[in-house]
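Please keep the sequence and the structure in view while reading.

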Amino acid sequence: MPDVLGWRRKFGVLAPSTNTVVEPDFARMGVPGVTAHFGRIHIRDQNMGDDAGMGRLLDQIRAEMDATCARVLTCEPDYMVMGMSAETFWGGVAGNQQFVRQIEEATGLQVATGAEACRRALTLNGAERIGVVTPYQPIGDANVVRFFGELGFEVAAIKGLRCPTAVSIAHVPESDLRAALLEVDSDDIDALVQCGTNLSMVRLADEAERWLSKPVIAINAATWWMALRDNGIRDRIEGAGSLLRDH
């Protein structure tokens, strides 16, 4: 028998224990009959104030991944969703593919990643030159540029906000995000992409598409869009950008 609340699909979501944005974002974009069930990746050292700190953060995530998958599998989800994005860009296209295989082997389920969702969204919009905003340190930005470059997209501008801790990503105010979008935008940019699932960008991206007249891809919206569409769920969602409204 189907789940009473998740009668269409139950999504298992993997997110860092420090992340306070992705869960409410997914809840706000919810549709009837689809439920999201979070497995929290235990982050013991959230310092990411330099490249080495960001590397240590990802090492913790990798060490915890299998155990987190095992916990979330106990609710018998139908599909997996990544509630974090840095690891999905790491190592370029090959790194993303390896990560996807790891999750699929650990769970036996398909998985939506932020990196793949952004690729699909950019391809759908015919974008070639892009501007990117991240919360990352330079090493994280380099991996984002590598991933998109290997797919044939030109990252013409990137703004890394250099957040000092994993929790502090959620403290970045909308005014800073708006300024960052404007900094990486120009007339020859086809689309803007925001990475980092703990940055609160979904509502702002929806608004920015109207005043910039181009796609602004918030990674939480793109990942949720990929998860829904992969599962044949075509519901239209307002207030979360053109992907979920029009595609």
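How many bridges join strand β5 to strand β7? There are four of them, linking residues 129-134 of β5 with residues 191-194 of β7, and the two strands run parallel.

## Basis of the report

The model is predicted, with local features needing pLDDT of at least 70 and side-chain atom pairs counting only at pLDDT 80 or more, while totals for chains, interfaces and linings use all residues. Residues are numbered from 1 along each chain as its sequence is written, and side-chain values use heavy atoms, with hydrogens and water left out.

## The sheet

The open sheet is formed by four strands in the order β6-β5-β7-β8 with parallel pairing, where strands (E, at least two residues) and helices (H or I, at least four) are DSSP runs numbered from the N terminus, and two strands pair if DSSP finds at least two bridges between them. At the edges lie β6 (154-160) and β8 (216-218), each of which pairs on one side only. On average, neighbouring strands of this sheet are turned by 20° against each other, direction ignored.

Within the sheet, G131 stands opposite L192 in β7.

## Helices on the sheet

Helix α6 (residues 138-150) packs on the sheet and touches β5, β6 and β7, its direction making about 160° with that of β6; contact means heavy atoms within 4.5 Å. Angles run from 0 to 180 degrees between N-to-C directions, and axes are lines fitted to C-alpha atoms, for helices over the stretch in contact. Helix α8 (residues 202-212) also packs on the sheet, touching β7 and β8, and its direction makes about 175° with that of β8.

## Residue T223

T223 belongs to helix α9 (residues 219-230). T223 counts as buried because its relative accessibility is 1%, the term buried meaning under 20% relative accessible area (1.4 Å probe, protein chains only). Leaving aside residues up to four places away in sequence, T223 touches F26, V81, M82, A112, T113, G114 and A117.

Conventions:
Buried < 20%, exposed > 50% of the residue type's maximum accessible area, 1.4 Å probe, protein only.
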